[in-house]
Amino acid sequence: MNWYLRIRKLIQKKFPNNKFLHRYFGLIAFIIVGIISLFIGNHVNEFWQRLIILSAIYVIMAVGYNFSNGVAGQFSLDPNAYAAIGAYVAALLTMSPETKENVFILEPVMKPFDKIQLPFLIATLIGGLAAAFSAFLIGIPSFRVRGDYLAIITFGFGEIINVIANNLVSLTNGALGLKGIPEYTTLAWAIGWAIFSVFFLWHLTNSQVGRILKSIREDEIAAEATGINVFRWKLFAFTLSGFFIGIGGALFAHYLTTISPQVFTFFLTFNLLIIILIGGLGSIVGSAIAAVLFTFAFEILRVFEEGIHIGHINIPPIPGLRMVVFAILLIALMIFRPQGLFGDKEVSIK
Amino acid sequence: MAEKEILLNVENLHVYYGVIHAVKGVSFKVPKGSIITIIGANGAGKTSTLKAIMNLVKQKKGKVIYNGEDISKKGTHEIVARGLTLVPEGRHVFPNLTVLENLLLGAYLRNDKEIKKDLEFVYYLFPRLKERKHQKAGTLSGGEQQMLAIGRALMSRPDCIMMDEPSLGLAPIIVKQIFDIILKLREEGKTILLVEQNAFQALKISDYAYVMETGKIVLEGKAKDLLNDERVKEAYLG
Amino acid sequence: MEKIYVDPLDPHYILELDHIWIKFGGLIALKDVTFKVKKGEIFGLIGPNGAGKTTLFNIITGVYRPTSGKVFFDGDDITDLKAYERVWIGISRTFQNIRLFKNLTVLENIMTVFHFKKLQKWGPFFVKFLDIFPYKWWEAGLALPKFFKFEEKLEEYALELLKIVGLEDYWDWKASSLPYGKQRKLEIARALATNPKLLLLDEPAAGMNPQETSELMEFIRKIRDEFNLTIILIEHDMKLVMGVCETIAVLDHGELIALGKPEEIKNNKRVIEAYLGEAI
Amino acid sequence: MDLSFIAQEIINGISLGALYALIAVGYTMVYGVIRLINFAHGDIMMVGCFIAYFLLLKLKLPWPLALILSAILTGFVGVLVDRIAYKPLRDRGAARIINLITAVGVSFFLESLFVVVLGGVPRAFPVPDIFNKEFCIGNVYISMATIATIIIGLICVSILFYIVYKTKIGMAMRAISVDFETTKLMGVNVDRIISFTFFLGSALAAISGFMWAIQFPSIDPYMGIIPGVKAFVAAVFGGIGSVIGAVVGGLIIGILEIFIVGFLPDLAQYRDALIFLILIFTLLVKPTGLFGEKLEEKV
């Protein structure tokens, strides 16, 4: 039995008559977590505050990624592509025409974008929708294959998007990337979106939709034999997952203020992969917690990469150390606890 | 029983799959040159027992003595080298190899000159295989695949052959042939441990039998006696 | 054997196979198979492994498309319908090697099936609402009251079905941890949850002892009567087949070699030669 | 466009394609036996390159010796990787996707480890003089490196073919690929065969790495990614698991890449994207690649 059902049964037992609590205990818990993190974020220095924002962004992307990979069991390797699409689209929409003129020195920016400037929320949503749409388009052909092959196709798509980001200069400014993106991603925005994403996908996972997706993950042939249009539902999961990753990407762009193809390489996918594996495939709350842990660990390890000077002790900078640590972590996780730190069973993905 | 030499002796065997305790302390003896049957319902732990003897399952406890030697810690290939082999449930021929290649793979551990002779023996037992020796094993019918699986096991020149449900899913007419072959193998001096759901047929040809239920042996005796046992009749012979 | 001609308009028949051929690569798996299944009967399909029985099931349920030939269901040509669409019109099945949603609970295994738009009638009682996938995905995500209301209802229905098949005590077990016989039952229950008119059972008695098998015979008759079903079953256990089936078809090497009442099959010379070996 | 230009392009294409083919064969071997997409294959190739680099530069070994020795040492690296990372998964019977994820982890591990130990700065590979010779037929140039790649590639592939299709070990390999447990019942020491497979695959990677380095003599810890990915595309294109497929796929991808650059200079920057598009379309039309065998799930 999953955690949602377990907690719900517990609450129904403790408060047999409080129907509101039966239904909305999740919402209440998430809002409390949100308020606490907002409160903490507002009372710490800027370094920690930025770290909280970054965690929140990773939470959004991770739960989105987990929805298609863990819940629906469709293993893809291209969240970097959707993050990139969300980021570029949203950034192009919020940057002022003057900034764009200054930034695009190689070629002027493509037609509609040279005039447009939209509010942050709308730009973010459009970024998410653009990512969702691209996920939908790539999903149509991709879901004709399964398993390893699906992973390969999506990996290929991630690379294609990266090549495009590097070369479609009039839209992406090539390898130089976009500079001067307004720093709109505040603590409130990031946490708000994170709470919304977790809440939304968590409920969806524990609804009939989630059950259908899980049944596809467990046994595609049996799912089809119970009347499920497997292809359509896979596509749905993939598209929705793309939407949330795109939202994450949009927020990421307005957090970094400078984006380039370098930000959205396979490296980003690798990070998200570790997060959802730590959190447990299929566990939405697990990947949210894992995202926070991962981001903090990642930033703390950065200190080692840059070298430490404590009194007379000098530890020289060790570039690449973080990735060694995380790669070992990933391998060890797969060998010793493939269900993730928070999952309670190995999800069967063939 | 006492006058015959014990070839395979299983003592207090346990098998676990994670938290599930599939085989709970099974002991039995297989004397040389006999046909011994284990009957029982699906999920009773029969297949797990055979796999544990061949060391194909990891989590197990207990002692398996073959030909006077403790083989419970040996690798599967070492057990096969000692002359004990298993014809797995569901045949499991290699569909991408030809019939001949399947048979030769059965003789993987051997380098002697007599492989050819044994091949002829298998072809003599199963003339159908000779006709189809260059066909991919995947194109054979169910009965032919079962014959191939038995023939392949014979190619390692085993002294003791364990067979897991050799009659499963075969036409009744083929089932009869398979049981005839098993009798013929005993005449050749092989020792046979049979696991069957087709209890009636199996008991008819065996010397001694064990009944397994939920991981334990609940009944044992001469096959003829079991055929007349009320409990066996009710639960397994229908 | 004599030729059978299909009349798609005959209301007594629920399923009609019309000269079905299927080839995989160069191999002919089914050769000109033609037969009809009467409404409400229990129809047995026997033959050795590799004779094409499961292939035939796969053609009826739409997993494979026949190379040539047609499939009629309730008077309609369904040859081109996809597998999941055939479930919607009332064809449901179980599998030879049980295919449950292993990591989901027993209850979830049943609940998953309640998703189609049209589910009018369900066995002995009528389902109270037509649209059984009642909320949109975003309503679930936003956790609107409608979502909770229907979730609770789905649970209630699934439990009701579990009660019928006698699995209600196991509702929160992981499907894969159920004992073998119960897994078979759950798979049948899941197939019933789609509200079928035609139920296909692929070796339902595999791995059961005679006692369980005779219980299964009773169960098959019971669900046929209660749910108003037509049942086709593949089985090797001759006792079960002869005991429960009203008509039997025998396949050998992809060909239909006999069709008739159990008595006729038992004494059919060709069947004895190719399959049974001796009369039983 | 004159004929010698086209001939030159074809030669260049074959030269690159032969490299891809050689790497792809290694990919395909491991996949063919244990159904694992060894994502880290390109990085194993990088390891082989660095071993050859140190053998040539520090030990001043003659190149044939360095080539063979690097192949053997890298082979053992491959066996080690399998024993540490993949074997525990196999023993547990983990889902295939878990294997793939682990392979991604191994790939990142090898890259980052070499960055930590050797730094990320590219180094010049000491190309033996013999490979710098060039032949000229009319206006078409062929370098010794190209000829060596083709010859050594042919030798490797022939040896491999012999092993897989003519020996007992090869028979066991093909058996393992379909049924692990039953192969054990044949008396095959499955672990040893798999180690041997990894040894062969990794040694091939080292040889192809050496050949890569004499044609593109700048080596760094990330050098394995691009050729690894391309060879991977080639292997899938040809039908992963099939040795012939890998060779044909490698050649086609190599020639296509050179042709795109040569004949469609506007699209040159997009060549990697186009290669992937081809892969995607191949998989859609024939999901198992050109020569891949069908692995259909039985219902």
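Across its chains, this predicted model holds 60 aromatic pairs. Rings of Phe, Tyr and Trp (its six-membered ring) pair if their centres lie within 6.5 Å; planes under 30 degrees apart count as stacked, over 60 as edge-to-face and the rest as tilted. One tilted pair joins A:F266 and D:F108, with 6.0 Å centre to centre and 40 degrees between the planes. This pair crosses between chains: A:F266 belongs to helix α13 (residues 266-279) of chain A, and D:F108 to helix α4 (residues 96-118) of chain D. Helices (H or I, at least four residues) and strands (E, at least two) are DSSP runs, numbered from the N terminus.

A:F266 is buried at 11% relative accessibility, and D:F108 is buried at 9%. Buried means under 20% relative accessible area, exposed over 50%, partly exposed in between (1.4 Å probe, protein chains only).

The criterion is NZ of Lys or CZ of Arg within 6 Å of the ring centre and within 35 degrees of the ring normal.

| Charged residue | Ring | Distance to ring centre |
|---|---|---|
| A:R232 | A:W233 | 5.2 Å |
| C:R190 | C:F101 | 4.7 Å |

Chain D has 11 helices and 4 strands. Its C-alpha trace spans about 60 × 50 × 35 Å along the principal axes. Of the 299 residues of chain D, 60% count as buried.

Residues are numbered from 1 along each chain as its sequence is written, and chains are lettered from A and ligands numbered from 1 in the order in which they are written. Local features need pLDDT of at least 70, side-chain atom pairs count only at pLDDT 80 or more, and totals for chains, interfaces and linings use all residues, while side-chain values use heavy atoms, with hydrogens and water left out.
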